[in-house]
Amino acid sequence: MITLYGIKNCDTVKKARKWLDEKGVDYRFHDFRADGVDADQVANWLDSLGWETVVNRRSTTWKGLSSEQREGMDRGSALSAIVEEPTLVKRPLLDTGGEYHCGFKADQYAQIFNHHTL
(Lines give C-alpha, C1' and ligand atoms only; values in the text may rest on other atoms or scores of the structure.)
Protein backbone atom coordinates (compact mmCIF):
# COMPACT_ATOMS: atom_id res chain seq x y z
CA MET A 1 0.00 0.00 0.00
CA ILE A 2 1.28 3.44 -0.94
CA THR A 3 1.20 6.00 1.85
CA LEU A 4 1.62 9.74 1.53
CA TYR A 5 2.67 11.43 4.77
CA GLY A 6 2.19 15.12 5.40
CA ILE A 7 -0.23 17.71 6.70
CA LYS A 8 -3.48 18.67 5.01
CA ASN A 9 -2.83 22.38 4.67
CA CYS A 10 0.68 22.12 3.16
CA ASP A 11 0.67 23.40 -0.43
CA THR A 12 3.24 20.85 -1.58
CA VAL A 13 1.22 18.02 -0.05
CA LYS A 14 -1.87 19.34 -1.84
CA LYS A 15 0.03 19.27 -5.17
CA ALA A 16 1.20 15.71 -4.54
CA ARG A 17 -2.30 14.54 -3.59
CA LYS A 18 -3.76 16.19 -6.69
CA TRP A 19 -1.13 14.52 -8.88
CA LEU A 20 -1.80 11.10 -7.34
CA ASP A 21 -5.59 11.56 -7.68
CA GLU A 22 -5.32 12.67 -11.32
CA LYS A 23 -3.15 9.64 -12.16
CA GLY A 24 -5.53 7.26 -10.39
CA VAL A 25 -2.91 6.10 -7.90
CA ASP A 26 -4.45 4.27 -4.94
CA TYR A 27 -2.86 5.63 -1.78
CA ARG A 28 -3.55 6.34 1.86
CA PHE A 29 -2.97 9.81 3.29
CA HIS A 30 -1.42 9.95 6.76
CA ASP A 31 -1.76 13.36 8.40
CA PHE A 32 1.07 13.99 10.86
CA ARG A 33 -1.05 16.29 12.98
CA ALA A 34 -4.10 14.03 13.17
CA ASP A 35 -2.38 10.64 13.09
CA GLY A 36 1.03 11.30 14.66
CA VAL A 37 4.11 9.27 13.77
CA ASP A 38 5.57 6.00 14.92
CA ALA A 39 9.22 5.97 16.07
CA ASP A 40 9.93 2.74 14.15
CA GLN A 41 8.61 4.25 10.93
CA VAL A 42 10.65 7.42 11.42
CA ALA A 43 13.73 5.26 12.06
CA ASN A 44 13.12 3.51 8.72
CA TRP A 45 12.93 6.88 6.93
CA LEU A 46 16.13 8.07 8.58
CA ASP A 47 17.95 4.80 7.79
CA SER A 48 16.81 4.90 4.17
CA LEU A 49 17.15 8.60 3.37
CA GLY A 50 19.39 10.04 6.07
CA TRP A 51 18.29 12.63 8.60
CA GLU A 52 19.60 15.46 6.40
CA THR A 53 17.02 14.58 3.74
CA VAL A 54 14.12 13.85 6.07
CA VAL A 55 14.42 16.96 8.25
CA ASN A 56 13.02 20.12 6.66
CA ARG A 57 15.50 22.80 7.62
CA ARG A 58 13.34 25.50 6.05
CA SER A 59 10.31 24.72 8.22
CA THR A 60 8.92 26.90 10.96
CA THR A 61 9.38 23.96 13.32
CA TRP A 62 13.12 23.77 12.51
CA LYS A 63 13.49 27.51 13.04
CA GLY A 64 11.76 27.11 16.40
CA LEU A 65 14.43 24.70 17.67
CA SER A 66 17.22 26.13 19.77
CA SER A 67 20.51 26.83 18.02
CA GLU A 68 22.04 24.00 20.09
CA GLN A 69 19.40 21.56 18.82
CA ARG A 70 19.92 22.63 15.20
CA GLU A 71 23.72 22.59 15.34
CA GLY A 72 23.87 19.29 17.24
CA MET A 73 21.33 17.46 15.08
CA ASP A 74 22.24 13.87 14.20
CA ARG A 75 20.25 10.73 13.48
CA GLY A 76 19.35 10.10 17.12
CA SER A 77 18.29 13.63 17.91
CA ALA A 78 16.43 13.86 14.58
CA LEU A 79 14.46 10.73 15.50
CA SER A 80 13.49 12.17 18.89
CA ALA A 81 12.66 15.59 17.44
CA ILE A 82 10.47 14.17 14.65
CA VAL A 83 8.55 11.92 17.03
CA GLU A 84 7.90 14.98 19.20
CA GLU A 85 7.30 17.40 16.28
CA PRO A 86 6.34 15.48 13.11
CA THR A 87 6.11 18.72 11.14
CA LEU A 88 9.93 18.64 11.03
CA VAL A 89 9.62 16.09 8.20
CA LYS A 90 10.16 17.43 4.70
CA ARG A 91 6.75 17.09 3.08
CA PRO A 92 5.33 15.13 1.56
CA LEU A 93 7.04 11.88 2.41
CA LEU A 94 6.00 9.12 0.04
CA ASP A 95 6.22 5.44 0.99
CA THR A 96 5.77 3.21 -2.06
CA GLY A 97 6.09 0.05 -0.01
CA GLY A 98 9.69 0.04 1.05
CA GLU A 99 11.05 2.99 -0.94
CA TYR A 100 10.81 6.47 0.52
CA HIS A 101 10.87 9.84 -1.23
CA CYS A 102 10.76 13.34 0.28
CA GLY A 103 9.26 16.35 -1.41
CA PHE A 104 7.18 16.58 -4.55
CA LYS A 105 8.01 17.25 -8.18
CA ALA A 106 5.68 16.00 -10.88
CA ASP A 107 8.49 14.58 -13.03
CA GLN A 108 9.96 12.76 -10.02
CA TYR A 109 6.58 11.20 -9.19
CA ALA A 110 6.12 10.21 -12.85
CA GLN A 111 9.43 8.34 -12.71
CA ILE A 112 8.58 6.69 -9.39
CA PHE A 113 5.16 5.52 -10.53
CA ASN A 114 6.19 4.49 -14.03
CA HIS A 115 8.61 2.19 -12.25
CA HIS A 116 6.03 0.92 -9.75
CA THR A 117 2.43 1.15 -10.86
CA LEU A 118 1.54 3.23 -13.90
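**View 1. Pro-92 sits in the loop between α7 (75–84) and β3.** Helices (H or I, at least four residues) and strands (E, at least two) are DSSP runs, numbered from the N terminus. The peptide bond from Arg-91 to Pro-92 is cis. Its omega is near -15 degrees. This is a predicted model: local features need pLDDT of at least 70, side-chain atom pairs count only at pLDDT 80 or more, and totals for chains, interfaces and linings use all residues. Residues are numbered from 1 along each chain as its sequence is written, and side-chain values use heavy atoms, without hydrogens and water.

**View 2. Four strands form an open sheet in the order β2-β1-β3-β4.** The pairing is mixed; two strands pair if DSSP finds at least two bridges between them. β2 (27–31) and β4 (100–102) are the edge strands, each with a single partner, so one side of each has no neighbour in the sheet. From one strand to the next, the twist averages 20 degrees.

**View 3. β3 (residues 93–95) and β4 run antiparallel, paired over 3 bridges.** Leu-94 faces His-101 of β4. Helix α3 (residues 39–49) packs on the sheet. This helix touches β1 (2–6), β3 and β4, where contact means heavy atoms within 4.5 Å. The directions of α3 and β4 make about 80 degrees. Axes are lines fitted to C-alpha atoms, for helices over the stretch in contact, and angles run from 0 to 180 degrees between N-to-C directions.

**View 4. The largest pocket holds about 250 Å³ of space.** A pocket is an open set of points on a 1 Å grid over the protein atoms alone, where a 1.4 Å probe fits, with protein on both sides within 12 Å along at least five of seven lines; lining residues have an atom within 4 Å of a point. The volume is the space filled by probe spheres set on the points. Of the 13 lining residues, Asn-56, Arg-58, Lys-90, Arg-91 and Gly-103 are closest to the centre.

**View 5. The chain has 8 helices and 4 strands.** From the N terminus, the elements run β-α-β-α-α-α-α-α-α-β-β-α. The C-alpha trace spans about 45 × 25 × 25 Å along its principal axes.
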